[in-house]
Amino acid sequence: MAANNSGSEPRIPEDVTLEDEAEAEAKGKAPAASSSATTTMNRSGSRPQLDLSGAAIHGTLEDRNPTILLPNQSDDISHLALDIGGSLIKLVYFSRHADQPTEDKRKLSTKRRLEIFTGARRSYPVLGGRLHFVKFETGKLNECLDFISSKQLHRGGVDSPSWRSGAQPDNIVIKATGGGAFKYADLFKERLGVSLEKEDEMDCLVAGANFLLKAIRHEAFTHMDGQKEYVQIDQNDLFPYLLVNVGSGVSIIKVDGHGKFQRVSGTNVGGGTYWGLGRLMTECKSFDELLELSQRGDNSTIDMLVGDIYGGLDYSKIGLSASTIASSFGKTISDNKELSDYRPEDISLSLLRMISYNIGQISYLNALRYGLKRIFFGGFFIRGHAYTMDTISFAVHFWSKGEAKAMFLRHEGFLGALGAFMSYEKHGLDDLSAHHLVERFPMGAPYVGGKIHGPPLGDLNEKISWMEKFVQKGTQITAPVPMGAPATTGMGGFERPTSKGDILRSDASAALNVGVLHLVPSLDVFPLLEDPKTYEPNTIDLDHDEFKYWFTILSDHLPDLVEKAVASEGGTDDAKRRGDAFAHAFSAHLARLTEEPAAYGKFGLANLLELREECLREFQFFDAYVSIKQRENEASLAVLPDLLMELDSMDEEDRLLALIEGVLAANIFDWGSKACVDLYNQGTIIEIYRMSRKKMQRPWRIDDFDTFKSRMLKKDQPYKSALISVDNAGADVVLGMLPLAREFLRRGVEVVLVANSLPALNDITANELPEIVAEAAKHCGILRKAAEAGGLIVDAMAGIQGDTKDEPASVPLMVVENGCGSPCIDFRQVSSELAAAAKDADLLILEGMGRSLHTNLNARFKCDALKLAMVKNQRLAEKLFNGNIYDCICKFEPVS
């Protein structure tokens, strides 16, 4: 690790590396005169422009984040921006993905055939990578500087070519906003050798908010009676809105468009007031300690309520309940007490209610002034604190009589830093939409090459790993703060939140709340969705009871998954440590979501399953079932020739039924289902497959086979191109889906097999599928010619017997990746390959429980759709159609 400019060894504080500490802050400007002038975002030209000459997609998309390679670009491009406030420093920084291997011939052939051209998406590229969000106390500025230096964020990061080559770029400029950008500019120059280019605070604030509301699907939410509900913002109806930034003071901004806004009001009573008065009146040493006190407070001992004035009665004539606050701190007038006689908890809560209610009321009055119905609140004063949000929401709802709505932002404290990051020219964030960004929730610090990116531990090759540190720290980031049942304490009429344990767990203070944003410019909305605006992938929402059920299912499966993951890495001691850390991390996520299912956004089962896979990858387990998949593929390929001969001996009606039966029977091979895993102890793969075939009796639970058969057997071929989404490795794909694909090829239908980009359980991936097709093609002329036409067989088929030169040309068989790393698929975010392949498709086949039951069972498409699956979970069977485990569906939906 390189030393910084001051000669000291860089240090990353442990609490920041794990991102599990809540720093105290309430930042903003003192109220200023309202400005009626419209402001536009200044985009500085001080940073180097991107050199686009020779630009090309680089990599295999294996990480879902293809990098655009700029071979002639110098690497002194800033990937860091800061918002330096009076209490907190907020960082937004970009990290590249590791270099990907050169694309193979199959990928290049597919892209040429699908006419996917580099650079066609926008006039300048967005590098595939991640946006990270980190915060430090301003009083610990040196820790922030050490963090930047150790990761070389001011020089493009330790993964940049200039850092690896030892080049020293001159005149590095970092964008910064907030008062500290002026106050600490000389220190940044001295320690890091960088110049801070100051961006206007209001410009950045608005730019950051606009970006989040445009690009993050579940960014905004309401919070009433302890219930969080996410709001999907219509991009065509976003403006105008009121943005209320609650820092040390409060700024109220009317936003009319991108770069168009005016500060219309504000107040000096904000977060700084709460923290300042709280510090004088209690012994709290930090903002979050003061908030924690409020969790256990009772403001009725200090505040004068309406009921105190009217003998416990409501003042119903003007709509005031007995619990409404008539005067904050009003009871202290008549009490013959000293400050020390009052509980600090009650003081903290009374202060919090007073200031939050005042902010809510002033915000509504300004919304009324301009006829606005939506008010977005940001700033680190709120920090996801349930009681604060409830109080503000109640004030807005009460005074507007339900006409206006208070909404909050998940990245509330990073608006300014994100806006400063966007002020770099040609970063391309303005062009990104919701389908280009994927939010992940990593657990712990990066684990790179066996080295720890964390606090100083002497030799970085010590056996102590960051996973072990995570286990030690785990309890500090998982303590939940559930909401109590609604009651009638104080102005809002709501019971205070209750805390389990001694650790505050408000949303914005936890590492489990704000994730890393993956920038994936190659993701698209699936073009065959009938109505993308109303599309909902999750068939069943995860309410509290539903989540508890899946919590048990996934927890029970966890030991087996860890065992497979560790075995996939050779069972080394390092793999065992990482396996334990993964189990702890995923359990922390489950515990968090059990307490609050909406903690990470609108969460369905598809998201939960993908979270598990992302957590595995975070701990460097990239394919836990690799050896199992290889074994099952080999066993299935060995019997495929006999199956094809059997199918070829049937007439076309019997063959079509046998093919669908075969797909359903083979779908039983799912390592994500406990019921199916138990079957593996009852015989070989082939024996289980044959047993499953015998049980495959019609009618199925959903049985549209006859309608599908009628369409397929029309005299004039009804289809030209079929997208077939495959599921599990082994028998599922080899004995189920390949024979079905072969039938379409036999009929002259182009076939595109759609597989996962990244491993998930025993699902087959797009990188693995071509080899399976090539092996199957050794024994089948139909598959061989189609695979050659589709570029799947290029020069790796030396083992094929016979000369194929005289055989007729075939329609192509291609493989594309879906952009997913989950057993499920969300068609709002698919790979550009799949989107391009879909433009000519007139039939979509979804196979498997994840893709056609957990998700997309109710989805409608612009082409015919066939959904095939075996139900391998009793609860799901009962919920969907009052069925039983091992029921099957064959659901055919002709396009209108």
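Q: What is the strand order of the open sheet of 7 strands?
A: First the general idea: two strands pair if DSSP finds at least two bridges between them. Strands (E, at least two residues) and helices (H or I, at least four) are DSSP runs, numbered from the N terminus. Here the open sheet runs E9-E8-E16-E15-E10-E11-E12, with mixed pairing. Its edge strands are E9 (227-230) and E12 (260-267), each pairing on one side only. On average, neighbouring strands are turned by 30° against each other, direction ignored.

Q: What kind of model is this?
A: It is a predicted model: local features need pLDDT of at least 70, side-chain atom pairs count only at pLDDT 80 or more, and totals for chains, interfaces and linings use all residues. Residues are numbered from 1 along each chain as its sequence is written, and side-chain values use heavy atoms, with hydrogens and water left out.

Q: In which sense do E8 and E16 pair?
A: Strand E8 (residues 220-224) and strand E16 (residues 405-409) are antiparallel, over 2 bridges. Alanine 220 has leucine 409 of E16 as its bridge partner.

Q: Which strands does helix H12 lie across?
A: Contact means heavy atoms within 4.5 Å. Axes are lines fitted to C-alpha atoms, for helices over the stretch in contact, and angles run from 0 to 180 degrees between N-to-C directions. Helix H12 (residues 386-400) lies across E8, E15 (374-378) and E16. Its angle to E8 is about 85°.

Q: Is threonine 855 buried or exposed?
A: Buried means under 20% relative accessible area, exposed over 50%, partly exposed in between (1.4 Å probe, protein chains only). Threonine 855 counts as buried because its relative accessibility is 0%. Threonine 855 sits in the loop between helix H27 (849-854) and strand E28 (864-870).

Q: Which residues is threonine 855 in contact with, leaving aside neighbours within four places in sequence?
A: They are Pro537, Asn538, Thr539, Ala606, Cys824, Ile825 and Gly850. Proline 537 is 318 residues apart from threonine 855 along the chain, yet their C-alpha atoms are separated by 4.8 Å.

Q: How many residues of the protein chain are there, and what share counts as buried?
A: There are 896 residues, and 61% count as buried. The chain has 28 helices and 29 strands. Among contacts with a separation of 6 or more, 75% join residues 24 or more positions apart.
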